[in-house]
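Please find below some notes for a colleague who is meeting this structure for the first time.

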Amino acid sequence: MSDEAIAVLLVEDNLADVALLMELLQDSEAESWQVTHVKRLSLALEHLHQTEFDVILLDLSLPDSQGLDTVARLQATVPHLPIVVLTGLEDKTVARQAVAQGAQDYLVKGQLSAEMLLKTVNYAIERTHILRRLQESEHRFRAIFNQTFQFMGLLSPEGVVLDINQVTREVIDFPNEAIINKLIWEAPCWQPEQSQSWLKQAVLRAAQGEVLRSELQACTAKGSLWWLDISIKPLRNENGSITLLIVEGREISKLKRAEAEIRCSLEKEREVNQMKNGFISMLSHEFRNPISSISYAIDFLKDCDPIGKQKEQCFEQMGNSIDQALHLLDEILLLGRTESGRIEVDYTVIQLKEFCSEIVQVFQLTQGKSHQIVFSIEGDDSTQARMDGSLVKHILDNLLSNSIKYSPKGSMIRFTLVCQDNQAKFCIQDRGIGIPAKDRSKLFEPFHRAGNVCNIQGTGLGLAIVKRCVDLQNGQIHVESQEGTGTTFTVILPFK
Ligand code: ATP
Ligand code: MG
């Protein structure tokens, strides 16, 4: 205690008790006292507004206030001032209730000694000082705990959530009772099961002294998912035993998204590179055939100096090989242009009936000489469609050419055009070799050819080009086929 006099506010209406207390206080030589005596609570409150005291000695039955209410009113005015309740033997219970309510202690009037009075008052003052320092320290801790931008929580070593900071509370938005006093892995904010099992394990190990860290997924009450970089650390008391676990979390959703995007684009790049490599080796292989064939014919011409029919055959073979190489080059260039986005879709009005009839006529006179191509129109044949004529021609050329190539001579190919609902449907149906089911999913990939083509010439680029031309016009393409029976390709293109 300090050397200064202890300022006591004595609130007591019984003058005999006052006299006794004053006497006891004077008897205790260890301290000097400065006692202010009042008989009523109202007067006590007035004094408290004007003067500073170290302690209040309070009788609970005053003319203007009775019992616990007296304590409550004083506490409301001076929450940090220690109150020692003065009570008669018969009122001990009320005095104990007053202590439970926040009074520092109580003294039984009939059993007082100077020493006891001194001890009680000094302890009450000392305890209040300690309490105030504790409250200040708690306040500082709360300020840091709540103001940090990190998510923070305190757990018992068994994993029970004792506290979470304000940021956590605001973000997860679950009611306090769903989290506090619950095992951390049972809190509703951990959705995927793997988060829960990691937390369970982590709490067990942190309680043994380890520091653990992981990336976990959590969710808010509204159901939005986010990623957390979370760590659990043990906190030891002065004896070295683990008394608390501190959980810290930092949101890393953006980081995770960026990471996933990078991984995805790397994967895409890898796929593109793989495709490019595959494409180049296929291409080299495809060019090797006609060039070797020309080279072979030249050698034959040089070495054997053939005449007549043989010479003619040689030139014909060279001509065919050159055509084959040129066709391949054209297809590659076209595919390249569609793939790289260098083709601008040029919508013009097309008289579809005439447009298709002309294509069929040309086929009937060239590649399709030995087939019967039956062209028919359903729906409104006078419709003037706005489409890209050049892309439509690539589509029809390739589909008709395939139907001819992959069906027996003399067989019929049906080409039906249906114009309705602002779109054109082109169906090309043959009775050819069909496409095996296992090949259908890869049909539109460059260089893919079905297993049943045998020695029918082709590079496997036609349908890849068709698909790109359809996509560029926001259309659709479907195929129905049965091996040995025939194939129907259907292309639907919307009118622009
Ligand atoms: P090209 O690039 O010269 O057109 P291609 O005809 O082999 O060569 P695509 O037109 O892309 O290549 O066709 C790919 C594969 O699909 C063909 O090799 C063939 O196996 C199968 N195919 C396509 N159309 C038909 C069809 N009408 N009947 C049977 N198989 C077909
Ligand atoms: Mg083809």
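1. A polar atom in the side chain of threonine 70 lies 3.5 Å from the backbone oxygen of glutamine 66, a polar contact being a pair of N or O atoms within 3.5 Å, where within protein one must be able to donate a hydrogen and the other to accept it, and residues adjacent in sequence count only if both atoms are side-chain atoms. Threonine 70 belongs to helix α3, residues 68-77, and counts as buried because its relative accessibility is 0%; buried stands for under 20% relative accessible area, exposed for over 50%, and partly exposed for what lies in between, with a 1.4 Å probe and protein chains only. Leaving aside neighbours within four places in sequence, threonine 70 is in contact with Leu41, Leu58, Asp59, Leu60, Leu62 and Ser65, contact meaning heavy atoms within 4.5 Å.

2. A word on the basis of these notes: the model is predicted, so that local features need pLDDT of at least 70 and side-chain atom pairs count only at pLDDT 80 or more, while totals for chains, interfaces and linings use all residues. Residues are numbered from 1 along each chain as its sequence is written, chains are lettered from A and ligands numbered from 1 in the order in which they are written, and side-chain values use heavy atoms, with hydrogens and water left out. Helices (H or I, at least four residues) and strands (E, at least two) are DSSP runs, numbered from the N terminus.

3. Helix α7, residues 193-206, has 14 residues and reaches 20 Å from its first C-alpha to its last, close to the 20 Å expected at 1.5 Å a residue; the expected span is 1.5 Å times one less than the number of residues. Its buried residues are Ser195, Trp198, Leu199, Ala202, Val203 and Ala206. They cover an arc of only 130° around the axis, which puts them on the same side of α7, the arc being that of the directions from the helix axis to the C-beta atoms. The buried residues of α7 pack against β8 (151-155), β10 (212-219), β11 (225-236) and β12 (242-251), whereas Glu193, Gln194 and Leu204 are exposed on the other side of the helix.

4. Helix α9 (308-339) has 32 residues and reaches 46 Å from first C-alpha to last, close to the 46 Å expected at 1.5 Å a residue. Its buried residues, among them Cys314, Met318, Ala325 and Ile332, pack against α8, α11 and α13. Isoleucine 332 is buried, with a relative accessible area of 14%, and, apart from neighbours within four places in sequence, is in contact with Phe279, Leu283, Phe447 and Leu461. The C-alpha atoms of isoleucine 332 and leucine 283, 49 residues apart along the chain, are separated by 8.8 Å. After α9 comes glycine 341, whose phi is positive, near 75°.

5. Which residues come nearest to ligand 1? Of the 23 residues around ligand 1, they are Asn402, Arg449, Thr459, Leu461 and Leu463, a residue being near if one of its heavy atoms lies within 4 Å. Oxygen atoms of ligand 1 lie 2.8 Å from a polar side-chain atom of asparagine 402, 3.0 Å from an N or O atom in the side chain of lysine 405, and 2.6 Å from an N or O atom in the side chain of arginine 449. Taken alone, ligand 1 exposes 590 Å², and the protein buries 98% of that, with areas from the Shrake-Rupley method and a 1.4 Å probe. The largest share of the shell around ligand 1, three residues, comes from α11.

6. Serine 407 is found in the loop between α11 (389-405) and β16 (412-420), and at 7% relative accessibility it counts as buried. A polar atom of its side chain lies 2.5 Å from the backbone oxygen of serine 403. Not counting residues up to four places away in sequence, serine 407 touches His371, Ile413, Asp430, Arg431 and Gly432.

7. Two backbone angles deserve a look, since most residues other than glycine have a negative phi. Aspartate 305, in the loop between α8 (253-304) and α9, has a phi near 40° and is exposed, with a relative accessible area of 59%. Cysteine 454, in the loop between α12 (437-440) and α13, has a phi near 50° and is exposed at 69%.
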